[in-house]
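Please look through the structure below and read the explanation alongside it. The text starts with the overall layout and then turns to single parts.

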Amino acid sequence: MANETTPALATSFTYAGNAMEKMRQLQVKAIPKHYAIFYGYSAGQPTELVKEIDKAIEQQLPFTDEVLDHLYNHHIAETQSRVVQNTATSARKILTDMLATVVQFTGATQDVSQTVSSKLSNLSDTPSEEEIRAIAGEIVAGAQNLKDSGDSVAAKLVASQKEIASLRENLAKATTESERDFLTGTYNRKAFDKRLLEAMHDAKDKHHELVLVMVDVDHFKKFNDSFGHLIGDEVLKIVAKTLTDSVKGMDTVARYGGEEFAIILPKTPVGGGMIVAEGIRKAIASRELKRKDTGANYGQITVSAGVAAYRDDADSPTSFIKRADEALYRSKNSGRNRVTQENIAD
Ligand code: GH3
Ligand code: MG
Ligand code: MG
């Protein structure tokens, strides 16, 4: 639906035609300024303009340049300036909002805020497009500067986050390394002591079963003597890998001493520990040790193991380890390549 300021196309032509016709009748020159007056007259607004023209026609007053200037300045230009003023008010509001947004989101914007605020208050009632654009540009530029510094702050934050991450990584790596045995990659003795204590506390607090298995390579001295220490080292790695592959995530495999390993099995009954140890024994004994590149055969190695269950009423790490060790000793004494459960009477 057409409104007063934007008439429908056909209506606008009617107004335009009537305006031209009126100008011809009144012998008014067809220049844009006059056309604006008579277009308004034909469209019926502003009403004051219509009234004044009607009165002049009635009184047969000539439409001189002065009269026309008066009509234009009084009724047309004023209306336009009101529109411009509305524009200025809107512009000021938009620019103020813009500034507020910049201040709100970018923080310390004293400079931009002050310069732009003073420009805004000095903004004329009828600001030109250039004036508005210049101030908007200044706000945007200020925001851009702040964004730039914001970006560098963000970049610094990202950089320091990366630094922290790599520090954390290094620390984690160092911690892991400090807990590991350099040859086999299993936990070292120090980490074993710590983890055993934790497992014992946990078992006691939560009434879980806990098993400790001690595993020792049989006649390893002889093996070293036959094939050399370096080959011996490789065999220790194979043994360690077999042990690690035989347990679950929460279990701990540690190198307890030279060719002796300890396995902590939380939440495991002694029977379960025996099964794990027996599995390890079999896996190692059934393996033929061969050198990959030369095909040299080193024969077999075997391990002996001792299995003990945690006794939460009386156990200390020493007593717990001692029972597992004694069971291992019995495996050795009764022929090696076997698994022995602790003596319940001990
Ligand atoms: P047993 O069956 O009674 O355990 O006999 P064993 O020879 O294995 O036991 P013993 O305690 O007499 O000797 C342990 C040997 O393990 C001595 C050493 O040559 C070897 N050994 C200990 N640590 C390492 C190591 O890091 N690398 C190598 N290659 N050998 C090691
Ligand atoms: Mg040994
Ligand atoms: Mg030994």
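Predicted model: local features only at pLDDT ≥ 70, side-chain atom pairs only at ≥ 80, totals over all residues.

The chain has 11 helices and seven strands. Of the 346 residues in the chain, 34% are buried. Among contacts between residues at least 6 apart in sequence, 60% join residues that are at least 24 apart.

Five of the strands form an open sheet, in the order β2-β3-β1-β6-β7, and their pairing is mixed. The edges of this sheet are β2 and β7 (339–341). Each of these two has a single partner strand, so one side of each is left without a neighbour in the sheet. Ignoring direction, neighbouring strands of the sheet are turned against each other by 20° on average. Within the sheet, β1 and β6 pair in the antiparallel sense over seven bridges. One detail of β6 is that Ala-305 is the bridge partner of Val-215.

Helices lie against these strands. Helix α10 lies across β1, β3, β6 and β7, and runs at about 170° to β6. Another helix to look at is α11, which covers residues 317–333 and has 17 residues. From its first C-alpha to its last, α11 reaches 24 Å, close to the 24 Å expected at 1.5 Å a residue. The buried residues of α11 are Phe-320, Ile-321, Arg-323, Ala-324, Ala-327, Leu-328, Ser-331 and Lys-332. What covers them includes the helix α7 (189–206) and the strands β1, β2, β3, β6 and β7. After α11 comes Gly-335, with a positive phi near 120°.

Next comes the interior. In soluble globular proteins, nonpolar side chains tend to be buried together. The largest nonpolar core here has 28 residues. Those that touch the most other members are Val-213, Phe-223, Val-239, Leu-243, Ile-263 and Ile-301. Two or more residues of this core come from each of β1, α8 (220–227), α9 (229–245), β3, α10 (270–285) and β6 (303–309). The largest share is that of α9, which gives six residues. Apart from this core lies another one, of 20 residues, among them Tyr-187, Phe-192, Ala-203 and Ala-308.

Which residues is Phe-223 in contact with, leaving aside its neighbours within four places in sequence? They are Gly-228, Ile-231, Gly-232, Val-235, Leu-289, Tyr-298 and Ile-301.

The model also holds magnesium ions. The magnesium ion (ligand 2) is coordinated by Asp-216 (OD), Val-217 (O) and Glu-259 (OE), at 1.8 to 2.2 Å. Along the chain, the donors of this ion follow the spacing D-V-x41-E. Val-217 is in strand β1, whereas Glu-259 is in the loop between β2 and β3, 42 residues apart, and the pair links distant parts of the chain. The magnesium ion (ligand 3) has Asp-216 (OD) and Glu-259 (OE) as its protein donors, lying 2.2 to 2.3 Å from it.

How far apart are the magnesium ion (ligand 2) and the magnesium ion (ligand 3)? They lie 3.5 Å apart, and Asp-216 bridges them. Asp-216 counts as buried because its relative accessibility is 9%, and Val-217 counts as buried because its value is 1%. Glu-259 has a relative accessible area of 23%, so it is partly exposed.

Some points of the backbone remain. Most residues other than glycine have a negative phi, and most peptide bonds are trans. The peptide bond from Gln-45 to Pro-46 is cis, with omega near -5°. Pro-46 is in the loop between α2 (32–43) and α3 (47–58). Gln-60 is not a glycine, yet it has a positive phi of about 55°. This residue lies in the loop between α3 and α4 (65–106), and Gln-60 counts as exposed because its relative accessibility is 70%. Lys-267, also not a glycine, has a positive phi of about 50°, and Lys-267 is found in the loop between β3 and α10.

Key:
Residues numbered from 1 in each chain as written. Chains lettered and ligands numbered in written order. Heavy atoms only, no water. Donors = N, O, S within 2.8 Å, 3.2 Å for Na, K, Ca; no water. Buried < 20%, exposed > 50% of the residue type's maximum accessible area, 1.4 Å probe, protein only. Core = buried A, V, L, I, M, F, W, Y, C linked by side-chain atoms within 4.5 Å. Helix = DSSP H or I, 4+ residues; strand = E, 2+ residues; numbered from the N terminus. Contact = heavy atoms within 4.5 Å. Pairing = 2+ DSSP bridges. Axes fitted to C-alpha atoms, helices over the stretch in contact; angles between N-to-C directions. Expected span 1.5 Å × (residues − 1).
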